[in-house]
Amino acid sequence: MKPSKRSSPLLHGTLEALVMKSLANGPRHGYAIGRWIEDGTGDVIQVEEGSLYPALYRMEARGWIEAEWGQTETNRRAKFYRLTKEGRRRLTVETEQWAAFSAAISRVLLPA
């Protein structure tokens, strides 16, 4: 059975971590963040604008990311987001929490 290409309910709890990971190697605009997530998951997770942009605004308000206006590779004006020091610390915490959570779930769902 092929995974659904719709947004996963599991995404709700992991979207911020995925966004921060997408910014770990440098700034990206919103569309590029969404594409990075989709490409990285083999299109299993598709991020809708209605989920992505509110998450970006929340993360900016929390000080995990910063934004500034710039030009895309196609000369369009866009807001570029970058990870702050606090965002890098938060990404480490979220990654550790996800690893522990997914290992626990795997022990139950995928017994040896």
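In this predicted model, helix α2 passes helix α3 in a right-handed crossing. Helix α2 spans residues 30-40 and helix α3 spans residues 49-61. They pack at an angle of about 115°, and their axes are 11 Å apart. The two helices are therefore roughly perpendicular to each other. On the α2 side, the contact is made by G30, Y31, I33 and G34. On the α3 side, it is made by L52, Y53 and L56. By class, these contact residues divide into five nonpolar, two polar and no charged.

L56 leads onward from this crossing. Leaving aside neighbours within four places in sequence, L56 is in contact with V19, G30, I33, I65 and Y81. L56 also belongs to the largest nonpolar core, which has 18 residues. The core members that touch the most other members are V19, L23, I33, I37, L56, I65 and L83.

Is M59 buried or exposed? M59 has a relative accessible area of 0%, so it is buried. Beyond its neighbours within four places in sequence, M59 is in contact with E16, V19, M20, W64 and I65. Take M20 from that list. M59 and M20 are 39 residues apart in sequence, yet their C-alpha atoms are 9.1 Å apart in space.

Now turn to α1. Seven of its nine residues are buried, so α1 is largely enclosed by the rest of the structure. The buried residues are L15, E16, A17, V19, M20, S22 and L23. What do they pack against? Their partners are the strands β1 (28-29), β2 (65-71) and β3, together with the helices α2, α3 and α4 (85-109).

The packing of α1 on α4 can be described in more detail. Two packed helices are described by the angle between their axes and the distance between the axes. For α1 and α4, the angle is about 125° and the axes are 10 Å apart. That angle makes α1 oblique to α4. Their crossing is left-handed, whereas α2 passes α3 in a right-handed one. From α1, the residues A17, M20, K21 and L23 take part. They meet G87, R88, R90, L91 and E94 in α4. This contact divides into four nonpolar, one polar and four charged residues. The contact of α2 with α3, by comparison, has no charged residues.

Conventions:
Residues numbered from 1 in each chain as written. Predicted model: local features only at pLDDT ≥ 70, side-chain atom pairs only at ≥ 80, totals over all residues. Heavy atoms only, no water. Axes fitted to C-alpha atoms, helices over the stretch in contact; angles between N-to-C directions. Helix = DSSP H or I, 4+ residues; strand = E, 2+ residues; numbered from the N terminus. Parallel < 35°, antiparallel > 145°, perpendicular 65-115°, else oblique. Left-handed = near helix turned anticlockwise from the far one by under 90°. Contact = heavy atoms within 4.5 Å. Nonpolar A, V, L, I, M, F, W, Y, C, P; charged D, E, K, R; others polar. Core = buried A, V, L, I, M, F, W, Y, C linked by side-chain atoms within 4.5 Å. Buried < 20%, exposed > 50% of the residue type's maximum accessible area, 1.4 Å probe, protein only.
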